[in-house]
Amino acid sequence: MKQRLDRFGSAEEAMQANAGAKGPMKQTGPRVIVLGGGFGGLTVLKGLSDKKVEVLLIDRSNHHLFQPLLYQVATAALSTTEIAQPIRSIMRGARNVTVRLDEAVGVDLPGRNLLLADGNALRYDVLVVATGVDYNYFGHADWAAHAPSLKSAGDAIRIRRRLLLAFEEAEKSDDPVRRQQLLTFVLVGGGPTGVEMAGSIAELARFALRRDFRRIDPASARVILVEAGSRLLSAFPEGLSAYALKALRRMRVEVRLSTPVESVDANGVDTGNGRIEAGLVIWCAGVRGSSAGSWLGVPPTRHGTVSVSPDLSIVGHPEVFVIGDLAHVGAQSGGPLPQLATVAKQQGAFVAQVIDARANGRTPPAKFVFRNPGSLAIIGRSSAVVDFGWLRLTGFPAWLVWALAHIYFLIGFRNRTTVFVEWAWEWFSYKRGARLIVDLPR
């Protein structure tokens with residue numbers, strides 16, 4: 001395929017990306033392309049804002065999404081606008097940053113060209129790949145049609161639609177067996193996403209929907225969390241895993257440990273311990289690196305991630321960096337690292353420092369060092385676990401820490417204020433305001 005070599009887009013795009021900024025955008029240094037506007041990519045942009053480099057962000061979406069709260073959109077606790085913000089708006093004041101809504105499909109490493117889906121190619125001096133990961137169905141891609149995963153705003157809206165429609169269909173049904181199937185929800189995977197989703201669906205059924213129906217009792221819904229391993233939250237200390245298990249069972253969530261899934265279809269799942277008929281199955285188990293990892297000519301790890309050098313560049317190409325969930329930091333560099341927003345943000349800040357130092361003739365930092373601020377997971381109303389290493393919390397104190405941390409890290413004052421008000425209203429009223437079934441484009 002013949003590529004057309006473009007610069008960083010048209011003047012119109014540059015003007016749109018920098019609306020509100022004073023003065024023209026000028027190229028003052030190397031051209032940096034950042035792929036992905038998640039936590040890592042956005043941190044790179046902020047770190048290079050108004051530095052002596054010309055920066056282009058490419059993303060298939062026009063917004064930055066606060067993924068740790070995506071499950072709350074899927075379970076009708078928040079709306080997408082409360083956890084997302086347009087990237088152009090975030091970077092409005094950065095005159096050296098251009099935003100382009102586009103999709104990359106490959107890279108010409110020797111020529112330093114990024115290949116786009118429309119046939120164009122963009123020249124770069126530095127490339128930062130922060131495209132994240134996708135859910136891993138372990139060789140069963142067909143399961144995705146019956147067990148959706150949660151990675152985007154669109155995923156959350158689709159899951160919310162199917163979740164709420166299950167209650168509506170049960171209300172119409174005269175068959176008690178069919179009703180019970182519709183009101184059975186299976187979460188596959190006992191990591192933070194599975195635990196948080198299970199607790200949130202249980203609260204939705206027991207509290208938010210309890211007075212909304214006449215023919216069914218939403219509290220009779222079964223929420224089943226299936227985990228192939230021997231405990232939940234395997235990345236947390238065993239004591240916190242045990243607390244999470246007890247807390248979920250108090251919320252009437254059925255937790256089935258050491259129960260691998262063998263198949264998924266439109267009517268439920270087959271596990272190593274029997275069949276579960278379900279109205280909705282949600283996949284929360286395992287991730288793989290995005291397709292961008294295959295472009296870079298580096299042998300992928302078994303999880304599809306890309307091995308990087310201590311400075312987060314790929315071997316043989318110091319001008320190409322991989323950060324965030326897609327990056328695999330080896331044991332010699334202090335890894336492997338957890339696939340968390342805190343890792344991506346720290347890596348983004350580090351790479352921005354390296355690029356800025358090189359652009360100004362300074363010696364860049366040689367090695368990325370992760371400083372672990374701790375891990376958090378919410379289980380339900382006033383229930384969470386927090387691991388700071390030196391301090392471990394459970395229950396309401398942990399829930400309060402979790403809530404404050406997530407409000408703090410949200411992008412924008414409006415989002416922080418809105419989420420705080422929504423959570424306060426939900427905590428006191430036991431209600432959820434985003435219970436909308438939205439028709440999706442065909």
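Mentor: Start with the hairpin that β8 and β9 form, with three residues between them. This is a predicted model, so everything here is read from predicted coordinates.

Trainee: Which residue in the turn has a positive phi?

Mentor: G119, at about 95°.

Trainee: And how do β8 and β9 pair, parallel or antiparallel?

Mentor: Antiparallel, over three bridges, with β8 covering residues 113–116 and β9 residues 120–123. L115 in that pairing stands opposite A121 of β9.

Trainee: OK, sheets. What is the strand order in the four-stranded one?

Mentor: β14-β13-β12-β18, an open sheet with parallel pairing. β14 (253–256) and β18 (280–283) each have a single partner strand, so one side of each has no neighbour in the sheet. On average, neighbouring strands are turned by 20° against each other, direction ignored.

Trainee: How many bridges join β12 and β13?

Mentor: Five, in the parallel sense, between residues 184–188 of β12 and 222–226 of β13. V186 stands opposite I224 there.

Trainee: Which strands does α7 touch?

Mentor: Helix α7, residues 192–208, packs on that sheet and touches β12, β13, β14 and β18. Its direction makes about 175° with that of β13. α8 packs on the sheet too, touching β13 and β14, and its direction is at about 140° to that of β14.

Trainee: What else does α8 lie across?

Mentor: Helix α8, residues 238–250, lies across β24, β25 and β26, and runs at about 175° to β25. Those three strands form an open antiparallel sheet in the order β24-β25-β26. Its edge strands are β24 (375–380) and β26 (392–394), each pairing on one side only. The twist from one strand to the next averages 5°.

Trainee: Which residue of β26 stands opposite D387?

Mentor: R392. Strand β25, residues 383–387, pairs with β26 over three bridges.

Trainee: Switching to cores. Which residues touch the most other members in the largest nonpolar one?

Mentor: F167, L187, M197, L248, V253 and I379, out of 69 residues in that core.

Trainee: What is L248 in contact with, leaving aside neighbours within four places in sequence?

Mentor: V195, A198, G199, L225, L232, V253, V255 and I379. Another core lies apart from the largest one; it has 55 residues, among them I87, L116, V128 and V322.

Trainee: Now α9. Why does its length agree with what a helix should span?

Mentor: At 1.5 Å a residue, the 19 residues of α9 (341–359) should span 27 Å, and its end C-alpha atoms are 27 Å apart.

Trainee: Which of its residues are buried?

Mentor: V343, A344, Q347, G348, F350, V351, A352, V354, I355, D356 and A357. What covers them includes β2 (31–35), α2 (39–48), β10 (126–129), β22 (317–322) and β23 (327–329).

Trainee: And what phi does G361 have, positive or negative?

Mentor: Positive, near 75°; G361 follows α9.

Trainee: Last one, confidence. What does the protein average in pLDDT?

Mentor: It averages 89, and 93% of the residues score at least 70.

Trainee: Where does pLDDT stay under 50?

Mentor: Over residues 8–25, for which the model has 42 contacts beyond four places in sequence. Where pLDDT is low, predicted coordinates should not be read in detail.

Key. Residues numbered from 1 in each chain as written. Predicted model: local features only at pLDDT ≥ 70, side-chain atom pairs only at ≥ 80, totals over all residues. Heavy atoms only, no water. Pairing = 2+ DSSP bridges. Helix = DSSP H or I, 4+ residues; strand = E, 2+ residues; numbered from the N terminus. Axes fitted to C-alpha atoms, helices over the stretch in contact; angles between N-to-C directions. Contact = heavy atoms within 4.5 Å. pLDDT = per-residue confidence, 0-100. Expected span 1.5 Å × (residues − 1). Buried < 20%, exposed > 50% of the residue type's maximum accessible area, 1.4 Å probe, protein only. Core = buried A, V, L, I, M, F, W, Y, C linked by side-chain atoms within 4.5 Å.
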